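Please look over the sequence and the model before reading on.

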Amino acid sequence: VYMGNKIHVLAIGRDIKERKQMETRLQYISSHDALTDLFNRVYFEERMQHLLAKNNLPIGIIVGDVDGLKFINDTLGHIRGDGLLITAAKILSKSVRYSDIVARIGGDEFAILLPRCSEIIAKNICSRVIENVCFHNVNIRELPLSISLGFAISSSQSKPLAEVFQEADDNMYRQKIAQRGKS
């Protein structure tokens, strides 16, 4: 403001650090699972579409299911079941490549998006998961972990990733049924 021969300036400042921290926290919460700290289903589905649009072909999807979680929750309690889910999340996370996206998409269900992934890479990741589960079970015998896995690969942008996901899910259920037959 100009008054006479002097200019007066009024400045107001606010510390918005707390608001920015809250915004960052809310953004994190909206894309992550509270129990496992993995990405959640909403984020997973958004990334599926983003990867397809960016032409990261071939794209693989692995679907995993913690076997017997309902029984564990019902007999040993949800705290033990939650512990098993957290262990599964850690094993899945350390079994994938840096570019892969691991998410908890349901109660006992996990999914992994694999950009630029061949069938051999998907099989190798599934093998690493199984090896890491076996290693865990050797060291922690009290409550063994079992995860059924299935995967599918898309080499075409014209194939919806929802179909690839369903194919991976179907393959996981086939493995789950085969595992039941062996025990």
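## Terms and basis

On a 1 Å grid over the protein atoms alone, a pocket is an open set of points where a 1.4 Å probe fits, with protein on both sides within 12 Å along at least five of seven lines, and its lining residues have an atom within 4 Å of a point. A volume is the space filled by probe spheres set on the points, and grid points are joined across faces, edges and corners.

The model is predicted: local features need pLDDT of at least 70 and side-chain atom pairs count only at pLDDT 80 or more, while totals for chains, interfaces and linings use all residues. Residues are numbered from 1 along each chain as its sequence is written, and side-chain values use heavy atoms, with hydrogens and water left out.

## The largest pocket

The volume of the largest pocket is about 290 Å³. Its lining consists of 16 residues, and D67, S146, I147, K176 and Q179 are the ones nearest the centre.

Helices (H or I, at least four residues) and strands (E, at least two) are DSSP runs, numbered from the N terminus. At least two lining residues come from each of β3 (59-66), α5 (119-139) and α6 (161-182). Helix α6 gives the largest share, four residues. For the classes, Ala, Val, Leu, Ile, Met, Phe, Trp, Tyr, Cys and Pro count as nonpolar, Asp, Glu, Lys and Arg as charged, and the others, Gly among them, as polar. The lining then divides into six nonpolar, five polar and five charged residues.

## Salt bridges

Side chains of opposite charge can pair when their charged atoms come close. A salt bridge is counted here when a side-chain nitrogen of Lys or Arg lies within 4 Å of a carboxyl oxygen of Asp or Glu. The model has eleven salt bridges by this rule. Exposure is given as relative accessible area: buried is under 20%, exposed is over 50%, and partly exposed is in between (1.4 Å probe, protein chains only).

One of the salt bridges joins R19 and E23, with 3.3 Å between the closest N and O atoms. These two residues are four apart in helix α1 (residues 17-31), about one turn of the helix. E23 is partly exposed, at 37%. R19 and E23 also belong, with K20, to a network of salt bridges. In helix α2 (residues 41-53), R41 and E45 are likewise four residues apart, about one helical turn. Their side chains form a salt bridge with an N to O distance of 2.9 Å. R41 has a relative accessible area of 34% and is partly exposed; E45, at 36%, is partly exposed too. Another salt bridge pairs K159 with E167, at 3.1 Å from N to O. K159 is partly exposed at 25%, and E167 is partly exposed at 33%.

## A nonpolar surface patch

Patches are made of residues with over 30% relative accessible area and no salt bridge; like charges are joined within 9 Å, and nonpolar side chains (Val, Leu, Ile, Met, Phe, Trp, Tyr) within 5 Å. Accessible areas come from the Shrake-Rupley method with a 1.4 Å probe, and for residues only the protein chains shown count as cover. M22, L26 and I29 make a nonpolar surface patch of about 300 Å². L26 is placed in helix α1.

E23 and I91 are 68 residues apart along the chain, and 30 Å lies between their C-alpha atoms. D65 and Y173 are 108 residues apart along the chain, with their C-alpha atoms 8.7 Å from each other. D65 belongs to strand β3 and is buried, at 5% relative accessibility.

## Backbone features

Most residues other than glycine have a negative phi, and most peptide bonds are trans. Where is the cis peptide bond with omega near -10°? It runs from L57 to P58, and P58 sits in the loop between α2 and β3.

D37, which is not a glycine, has a positive phi of about 70°. D37 lies in the loop between α1 and α2 and is partly exposed, at 47% relative accessibility. R116 is not a glycine either, and its phi is positive at about 50°. R116 lies in the loop between β5 (109-114) and α5, and at 53% relative accessibility R116 counts as exposed.
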